Amino acid sequence: MPRATTERFSRAHQPAVKKTESKTSNSMTNPIFNTARFGQHILKNPATAQKIVDAANLKPTDKVLEVGPGTGNLTVKILEKAKHVTAVEMDPRMAAEVIKRVQGTPEQHKLEVMIGDAIK
């Protein structure tokens with residue numbers, strides 16, 4: 001069998017190519033929201049959100065404080081079960097997204113969104 005002589009087949013003595021991290025790698029993953037600014041991770045899977053709500057064992061009389069609601073995927077599920085939800089969000093664009101998600105629904109009066117740092 002003849003030996004391959006092209007460079008792409010003979011990498012035995014070449015150093016491994018290392019990936020370099022770019023500063024914009026996180027901001028490019030979400031074109032709508034620059035989540036890298038606050039180090040946010042958006043909960044997208046509805047099954048995961050439902051598991052979290054089920055594990056919380058919420059009652060219709062519970063008042064919930066949610067820190068960092070993001071786009072509101074978990075908030076909407078919590079609103080279905082709890083009496084009242086206070087959501088504290090640092091990013092005003094995310095806070096507007098949460099308000100927009102529940103606007104015009106029966107759960108609208110059960111949600112209060114505060115813009116600011118929950119730790120401070």
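Analyst: Buried means under 20% relative accessible area, exposed means over 50%, and partly exposed is in between, with a 1.4 Å probe and protein chains only. The model is predicted, so local features need pLDDT of at least 70, side-chain atom pairs count only at pLDDT 80 or more, and totals for chains, interfaces and linings use all residues. Residues are numbered from 1 along each chain as its sequence is written, and side-chain values use heavy atoms, with hydrogens and water left out.

User: What share of the residues of the chain counts as buried?
Analyst: The chain has 120 residues. The part of them that counts as buried is 26%.

User: In what order do the elements of the chain run from the N terminus on?
Analyst: Helices (H or I, at least four residues) and strands (E, at least two) are DSSP runs, numbered from the N terminus. The chain has three helices and three strands. From the N terminus on, their order is α-β-α-β-α-β.

User: Over how many bridges do strand 1 and strand 2 pair?
Analyst: In strand 2, H84 stands opposite K63 and V85 stands opposite V64. V88 in strand 2 is the bridge partner of V67. Strand 1 and strand 2 (residues 84-89) pair in the parallel sense, and the number of bridges is five.

User: Which residues of strand 1 are on its covered face, and how many residues of strand 2 are buried?
Analyst: The uncovered face of strand 1 has K63, L65 and V67, while the covered face has V64 and E66. Strand 2 is mostly covered, and of its six residues the number buried is five.

User: What is the volume of the largest pocket?
Analyst: On a 1 Å grid over the protein atoms alone, a pocket is an open set of points with protein on both sides within 12 Å along at least five of seven lines, and lining residues have an atom within 4 Å of a point. Grid points are joined across faces, edges and corners, and a volume is the space filled by probe spheres set on the points. For the largest pocket this gives about 350 Å³.

User: Which residues lie nearest the centre of the largest pocket?
Analyst: Strand 1, helix 2 and strand 2 each supply at least two residues of the lining. The lining has 22 residues, and those nearest the centre are V67, G68, P69, G70 and E89.

User: Is E112 buried, partly exposed or exposed?
Analyst: E112 lies in strand 3. It touches H84, V85, T86 and A87, not counting residues up to four places away in sequence. Because its relative accessible area is 37%, E112 is partly exposed.

User: Is P46 buried or exposed?
Analyst: P46 lies in helix 1 (residues 46-56). Its C-alpha atom is separated by 7.3 Å from that of N73, 27 residues apart along the chain. Since its relative accessible area is 54%, P46 is exposed.

User: Is Q40 buried or exposed?
Analyst: Q40 is in the segment before helix 1. Q40 and D91 are 51 residues apart in sequence and 9.8 Å apart in space, C-alpha to C-alpha. Because its relative accessible area is 18%, Q40 is buried.

How values were computed
Pairing = 2+ DSSP bridges. 1 Å grid on protein atoms, 1.4 Å probe; cavity = no way out; pocket = protein on both sides within 12 Å on 5 of 7 lines; lining within 4 Å. Contact = heavy atoms within 4.5 Å.
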